[in-house]
Amino acid sequence: ISPLQYPVARRDESVVETHHGVEVNDVYRWLEDPDAEETQKYVDQQNKISQPFLEGCEAWKKINEKFTKLWNYETYYCPVKHGKYYYFEKNTGLQNQDVMYQQDALDAEPRLFFDPNALSEDGTIALVEKSFSEDGQYMAYGLSANGSDWFKIHIRNVETGKDLEDVLEKVKFSEISWTKDNRGFFYCCYPHQEGVTDGSETQMNENQKLYYHYLGQPQEKDVLIAEFPEEPTWQFQTVVSDCGKYLVMLISKECRDNLIYYANLEPEADITSKLPIKKIIEKFECDYEYITNNGSKMYFRTNKNASNYRIIMIDFENPREENWQTLIPEHATDVLDAVRCVNEDKLIIHYLHDVKSVLQLHSLQSGELLHKFQLDMGSIVGLTGKRKSSELFYQFSSFLTPGIIYHYDFKWNNFTAKVLREIKINLEGYSPSNYKVEQVFYESKDATKIPMFVVYKNSNSEKKTPRPCFLYGYGGFNCSIYPSFSVKDVMFLDTFDGVIAYPNIRGGGEYGEKWHNAGRLLNKQNVFNDFQAAAEFLIANNYTTKDRLVIQGASNGGLLIGACINQRPDLFGAAIAEVGVMDMLRFHKFTIGYAWCSDFGNLDEKEHFENLIKYSPLHNVHTPKSPSEEYPSTLVLTADHDDRVSPLHSLKFIAALHEAVRNSEYQKNPILLRVYSNAGHGSGKPTSKIIEENADIFTFMLRSLNIDKVH
Ligand SMILES: O=C(NCC(=O)N1CCC[C@H]1C(=O)O)OCc1ccccc1
């Protein structure tokens, strides 16, 4: 494709803004309006180029068939007991949405309980939230459409299988927390949000409010429990304590740090008006996560004075910090990643040890270690258990094992978990023993040691010939990349005899708070340096070569890809930027974007503006003036109902890229944008759309990389 064929986006030179004394143009500002005819025309023009390039390609059909076959394996998730029944989700393979089943016992015949596939032809209605009443009589659940963050709450009577009349609207970023009397639940919504709320809008989400809903009542009768009109960006995470006597409100305004407020709940008492709120933590400086409580003694997982997190007890009757107690101190090297209270007085704790999962049992009373569950190298991807139950289920996964679900009952008193289900893929002759998983540590630009998982066929162990290599990154928001199974990895390994590489770059949570801090705000460039250093390591050690190397990332990871192709266009053969944050001067203006200032910085502050404009993908495109400045083959992906990261980011970025390369004689590699319809940021995506998108991506890789053989 000649760059001269790329659609021309109108440049509106009149849009100029001054940030801390610096004038910045924003000529594609008009692309921020998703409803403008001009915007929709531009999207169509882009799809008219990208779709034929992808789906029109001879190989696409074969890749789609192979990916479909590979995806078509029966998968399960951890069961959990509510009331007298067990529930588990399962997918026979190609079902668009996972299906819920109900059992009287773990070995009893499962009954179909809830099938979201029945709710829409194309599987775009997803079950995104589930919360059972204490007695298991009701399931309150959330349905979202087209991948939007918005969902509607419905309530199902589990005995009759019938829904109540209640439907709660304008719900987003909300738990569903039942009172223990089974009469109703707390939830959050945005009652004042005007206009369209289907995920195609870009309007900021402000003034979230906490309500209580009584079963059988219409939404307008819901009781307003708490609101903070003077703090429009505050968000609630609410939980009714295990004992039912407290409503714990963890309030955040960004993607880290929260306050601890609470209200007393009198079981059986009517909730008729706002609850009196008491304040325990009043400053945004750390993360606190409720675990359980014994009376007023409340247990939290926190990074307060503990970069690797620890477990503390705060007595709500005596909350001053000097009275806090440490139940489990911070580990010197391992991150206390997740914890649940089970079997009345035990804590099951998930630690990360050099990015590998460790599962430990501790006493709630003393904190002492009671048992270490044996795990292979890999990750705990599911964990269900309750304080009131002696049963525990956990799901293990690794690059090469799709999933093994374990069951342990504390009544057995032997700490020996049993395999409940083993998940297998359908690939002729597939066996984990054919592959090697390495964890290497490479040096980044500032000599920091970065761990990286590398996976390849045993036959490539000697690295005689460099292979096609898939390099994935995220790098932010305390989000750790665990070694776990993904079909697209097996597809890449098997189809291209390739290498998969997952560097645990800074900004993630792999080494706790310090790792996150080292990759955010003014340290954000470390993330890009770590990722580029991973590419250099893989090339220097003959795993691959530049023209066989493809990089991929989504969302904050899409920003990573955008920044890396601007900074090092010479380093990669292909780049895939999914639902990326590309306009770092305006991310906070749309939907929930303002919450990302904790990683990106606040534009009102000069030092953050100066930092952001240095790496913002939209503001750092270049015109290739020599072969080494040519952009790699680049595929930018987004979707029309993505209200987590609005598609405007990708539209403006591709417009700027096309403008920059249009008249460059050095830009031969294609730079394409594909905008999917009736799809969102990723959660709840139907299998059919996942397969279609991966067929596009693999076709793009095949056409862009130096691939010597295709299976
Ligand atoms: O925005 C996020 N999470 C971060 C997120 O989704 N990000 C952060 C950057 C872009 C995008 C991504 O990487 O998926 O979650 C929504 C939310 C709800 C309540 C309070 C705060 C935030």
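Predicted model: local features only at pLDDT ≥ 70, side-chain atom pairs only at ≥ 80, totals over all residues.
**Entry 1: the ligand**

I started with the ligand and its neighbours. I counted 15 residues around the ligand. Those that come nearest are Tyr474, Ser555, Trp596, Arg644 and His681. By class, I sorted this shell into 9 nonpolar, 4 polar and 2 charged residues.

Next I looked up polar atoms facing the ligand's oxygens. Tryptophan 596 has a polar side-chain atom 2.9 Å from a ligand oxygen atom. For histidine 681, I noted a polar side-chain atom at 3.0 Å from an oxygen atom of the ligand. Asparagine 556 uses its backbone: a polar atom there is 3.0 Å from a ligand oxygen. I then checked the cover over the ligand. The ligand exposes 500 Å² when taken alone, and the protein buries 83% of that.

**Entry 2: the second largest pocket**

I moved on to the second largest pocket. Its space comes to about 390 Å³. I found 22 residues lining this pocket, and Pro34, Gln40, Val43, Asp640 and Val675 are the closest to its centre.

Which element gives the most to this lining? It is α1, with 5 residues. I listed α1 (37-54), α9 (648-661) and β40 (671-676) as elements that each supply at least two lining residues. The pocket lining splits into 8 nonpolar, 8 polar and 6 charged residues.

**Entry 3: cavities**

Rolling a probe the size of a water molecule over the atoms shows where empty space is left. I logged 5 cavities of 30 Å³ or more. The largest cavity has a volume of about 60 Å³.

I wrote down the residues that line the largest cavity: Glu17, His19, Val24, Asn25, Asp26, Arg29, Asp583, Leu585, Arg586 and His619. By class I have 2 nonpolar, 3 polar and 5 charged residues in the lining of the largest cavity.

**Entry 4: aspartate 181**

Aspartate 181 sits in the loop between β13 (177-178) and β14 (184-189). Is aspartate 181 buried or exposed? I call aspartate 181 buried because its relative accessible area is 17%, and the cut-off for buried is under 20%.

I also looked for a side-chain partner. The side chains of aspartate 181 and threonine 179 are joined by a polar contact of 2.6 Å.

Notes
Residues numbered from 1 in each chain as written. Heavy atoms only, no water. 1 Å grid on protein atoms, 1.4 Å probe; cavity = no way out; pocket = protein on both sides within 12 Å on 5 of 7 lines; lining within 4 Å. Points joined across faces, edges and corners; volume = space filled by probe spheres on them. Nonpolar A, V, L, I, M, F, W, Y, C, P; charged D, E, K, R; others polar. Near = heavy atom within 4 Å. Polar contact = N/O pair within 3.5 Å; in protein donor to acceptor, adjacent residues only side chain to side chain. Areas by Shrake-Rupley, 256 points an atom, 1.4 Å probe, with all protein chains shown as cover. Helix = DSSP H or I, 4+ residues; strand = E, 2+ residues; numbered from the N terminus. Buried < 20%, exposed > 50% of the residue type's maximum accessible area, 1.4 Å probe, protein only.
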